[in-house]
Amino acid sequence: MTPESHAPTGTDRPRLDPPPGCPAHGLGPGGLHRLHESEDLGALYEKLREEHGPVAPVLLHDDVPIWIVLGHTENLHMVRSPSQFCRDSRIWTPLQEGLVKPDHPLMPHIAWQPIASHAEGDEHKRLRGAVMGAISTIDFRSLRRYINRSTQVIVNRFCERGEADLVGQFTEHLPMAVMCEILGMPDEYNDRLVECARDALKGTETAIASHTYVMETLSRLTARRRAQPEEDLASYLITHPARLTDDEVREHLRLVLFAAYEATTNLLSNVLLTVLIDPRFRAQLNGGQMTVPEAVEQSLWNEPPFSTVFAYFAKQETELGGQRIRRGDGLLFAPLPANVDPRVRPDLKASMQGNRSHLAFGGGPHECPGQDIGRSIADVGVDALLLRLPDVELDCDQDELRWTASIASRHLVELPVQFAPKPPQDVSETPHHKAVPAQRSDWQISISQSDPKPAAPAAAQPQPQPQPQPQPEPVLVQPQPVPVPPPPAAGEPVRRKGAWQRFLLWWRGY
Ligand code: HEM
C-alpha cells in the first residue's frame, strides 16, 4: 500500500492562489477541484458526488489530473477487476508525458517499486504469497495476549498521573510495540522508533533522516535473520519458497511496518475518540448492546484509517460510474466516500452492526492481508485500556481537538484525557485469574469472544475485577513440547479449579 504522506500540500513552492473564501479557491484548470487545497475533504467528496456522480475528475498537486472514485460499487468494481485496472504507475499517462515532475510531493507513492502493492499478476502472487505465508504463521491467541500485555506496559507509564494524551502516549505506541514483536525486533521498540516512523510519514524536513533510521533498523533485522532464522515474520519472509532477495524482504518489512503503524494508530484514535465523545456509543458499550469489535467495525465504516489510496490505473479504455476512462488514466481508490455512499447507507446514523462490507481494507487481489492484525490491536487495545481506566474522560472541548489531514488520511494530533490516578500493574507476574466479576460497572466492557458471561453471580457483593496479566511470549509459534507442570509438594492439597475458571484459562490461552 502506498498511502500519501501527511504533509497537507507537501510543497514549499510559492503559488499564486486566490485568497480563502474566494469562489475560485481550490479550483484549477477546467474548473476542477484541487484535492490538496480542500479544507474539508468529506464535504468536497459530497459536492463532487452531486456534480459528477460516483466517479469525478479532480486535480492533485501541480494540477495533475486524476479520477476520484466515490461510489461503493464503483470502488469495489475497480479493485476487483485486475484485467481493467492495475496498481502499476508506469502506465499512468501524466507520468509518461512528463506532467508529473520528479520532485512531485507524491513521488514516494507514485514511483513504482518492486513491492506487492505495485506488482501485478504472477509477480504480485509471488510477493504477496510470501507476505501472506509469513502472516499465516501468527498464532492469534498469543498475539492477543501480547497486545494485552503491551497495553498494560504502556498504560503503566502514565496511569499514576491521572492525565494523558492518548494519541502521543498510547495509540502511536501500541501498534509499534506489537509490530516490532511480530516482525522479530521487540528490543528495537522504543520512543525513537515511534518518533521516526511518525516523522517519516508526516513528510517534515527531517523525514528523510527518520526514514533512513527505520530502514537501517530493518536492514539489520534482515541481515540477522538471513544468518540465523527464528520464528518471526522477518524469518518467514526470508525462508519462504518465493525466495525474496534481501532488498525485497526489507521493502516488505517497511511496507508492513508503515501500513500497520499508520492505519492502526488512526483506527485506535478514532475508536477511542468516538467512545469518549459519543454518548450513544458509550451507552451501547456499557449496556452490552455493542461489543468493542463492533465499535471498531463501526469506526471502520465512519472513518476509514486510509481515506484514499494512491492509485489504480486503467489498462484499457473503459467506463466506470458513467465516466469514460481512457487507457493510462489514474484513479484514486477512496474508502471514505465509498463507505458513506447514500446507495449503501441511506441513513448514516443507522448502525452497521454485523455488516463488514466497508472498504477500509480495500478489496480484490490487493485487499489488506494484515486486517486481522489491525483489528486485533484495536479490539484488545481499546478493551484493555478501558478496563484499566474505566473513568477516563476527554480533558478538553471537542472543538479544541486538532487534526492533520491529507488526501490519504486524517490523523488526530492529540487526545487529552483525565482519570483518577491508578497504580501501575505488575506485568511480570505469572498469569492468574481472580474471581469472575459478579456484574459489570461503567466501562467494564469486554470483547465478545473472550468474555462470556458467568452463569450466575456467586454473591451479592461485587467481586474484584480480574486484571489481565498476560505472559510475555513470542507471537509467532511453532508447535512446541508442552511443559509438564511440577507435581504438588508433599502435603499440599491439590485444588481443582472450578469449571468456569478452567474455561476462562483455556479461552485466554493460559
Ligand atoms: C487498521 C489497520 C489497517 C488498515 C485500515 C489497512 C488498510 C489497507 C488498505 C486500504 C490497503 C490497500 C488495498 C488496495 O490496494 O486495494 C492495504 C494493503 C496492504 N496492507 Fe493493510 N491495513 C491495515 C493494517 C495492516 C497490517 C497490520 C499489515 C501487516 C501486518 C498490513 C499490510 C498490508 C499490505 C502488505 C498491503 C499490500 C497488499 C497488496 O498490495 O497485495 N496492513 N491495507
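Modeller: What follows goes from the overall fold to the helices, the ligand shell, the core and the sheets.

Colleague: First, what kind of model is this, and how are residues numbered?
Modeller: This is a predicted model, in which local features need pLDDT of at least 70 and side-chain atom pairs count only at pLDDT 80 or more, while totals for chains, interfaces and linings use all residues. Residues are numbered from 1 along each chain as its sequence is written.

Colleague: How many helices and strands does the chain have?
Modeller: There are 17 helices and 12 strands in the chain, where helices (H or I, at least four residues) and strands (E, at least two) are DSSP runs numbered from the N terminus.

Colleague: And what share of the chain counts as buried?
Modeller: Of the 510 residues, 42% count as buried; a residue is buried if 20 or more other C-beta atoms lie within 10 Å of its own, exposed if 12 or fewer, and partly exposed in between, with C-beta atoms placed from the backbone.

Colleague: How many residues does α12 have, and how far does it reach?
Modeller: Helix α12 has 32 residues and reaches 46 Å from its first C-alpha to its last, close to the 46 Å expected at 1.5 Å a residue, the expected span being 1.5 Å times one less than the number of residues. Because 25 of its 32 residues are buried, α12 is largely enclosed by the rest of the structure.

Colleague: Which helices do the buried residues of α9 pack against?
Modeller: They pack against α8 (174–183), α10 (207–227) and α12, and the buried residues of α9 include Leu-193, Cys-196 and Arg-198. Packing here rests on contacts, meaning C-beta atoms, placed from the backbone, within 7 Å of each other.

Colleague: Switching to the ligand, which residues come nearest?
Modeller: Of the 28 residues around the ligand, Ala-263, Gly-362, Cys-368, Gly-370 and Gly-374 come nearest, where a residue counts as near if its C-beta atom, placed from the backbone, lies within 6 Å.

Colleague: Which helix gives the most to that shell?
Modeller: That is α12, with seven residues, while α5 (121–135), α12 (246–277) and α16 (371–388) each supply at least two.

Colleague: How do the shell residues divide by type?
Modeller: They divide into 19 nonpolar, seven polar and two charged; Ala, Val, Leu, Ile, Met, Phe, Trp, Tyr, Cys and Pro count as nonpolar, Asp, Glu, Lys and Arg as charged, and the others, Gly among them, as polar.

Colleague: Which residues touch the most other members of the largest nonpolar core?
Modeller: Of the 121 residues in that core, Ile-68, Val-69, Leu-183 and Leu-332 do, a core being a set of buried Ala, Val, Leu, Ile, Met, Phe, Trp, Tyr and Cys residues joined through C-beta atoms within 7 Å. The largest share of this core, 15 residues, comes from α12.

Colleague: What is Ile-68 in contact with?
Modeller: Leaving aside neighbours within four places in sequence, Ile-68 is in contact with Leu-48, Ala-56, Val-58, Leu-332 and Ala-334.

Colleague: Which way do its partners run?
Modeller: Strand β2 (residues 64–69) runs parallel to β8 through two bridges, whereas β5 (residues 309–314) runs antiparallel to β8 through three bridges; strands pair if DSSP finds at least two bridges between them. Leu-331 is the bridge partner of Trp-67, and Tyr-312 also stands opposite Leu-331.

Terms used:
Contact = placed C-beta atoms within 7 Å.
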